[in-house]
Amino acid sequence: ERGSVQRVLERGFVLVRDPAGRARTNVNDPKRSRALVLRFADGEAPATIVNSKSDKEVPPFERQGRLL
């Protein structure tokens, strides 16, 4: 499995975890720490959630559009 995760990271994705190592799958989980660890293809970096909005709070016209 490690190889498949690494390949995904090499494509530009990032694995987001809390300091305890649990995956963060949504932005507004009040039970979780605002501190994060971001895992990139070439290493990890600490991060902190400063301000967040879930898709339910963001009007449709402000959501990310198509890439191409």
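I take buried to mean under 20% relative accessible area, exposed over 50%, and partly exposed in between, with a 1.4 Å probe and protein chains only. On that scale, 13% of the 68 residues of the protein chain count as buried.

Ground rules next. I'm on a predicted model, where local features need pLDDT of at least 70, side-chain atom pairs count only at pLDDT 80 or more, and totals for chains, interfaces and linings use all residues. Residues are numbered from 1 along each chain as its sequence is written, and side-chain values use heavy atoms, leaving out hydrogens and water.

Fold: I looked up the elements and got one helix and three strands, in the order α-β-β-β from the N terminus. These are DSSP runs numbered from the N terminus: helices are H or I with at least four residues, strands are E with at least two.

Sheet: the three strands make an open sheet, order 1-2-3, with antiparallel pairing; pairing takes at least two DSSP bridges between two strands. Strand 1 (15–17) and strand 3 (43–48) are the edges, each pairing on one side only. Strand 2 (residues 35–40) pairs with strand 3 over six bridges, antiparallel. Within that, I found Val-37 opposite Pro-46 of strand 3.

Loop: I checked Ala-20, which sits between strand 1 and strand 2. Ala-20 counts as exposed because its relative accessibility is 57%. From Ala-20 to Leu-36 I get 9.2 Å, C-alpha to C-alpha, across 16 residues of sequence.
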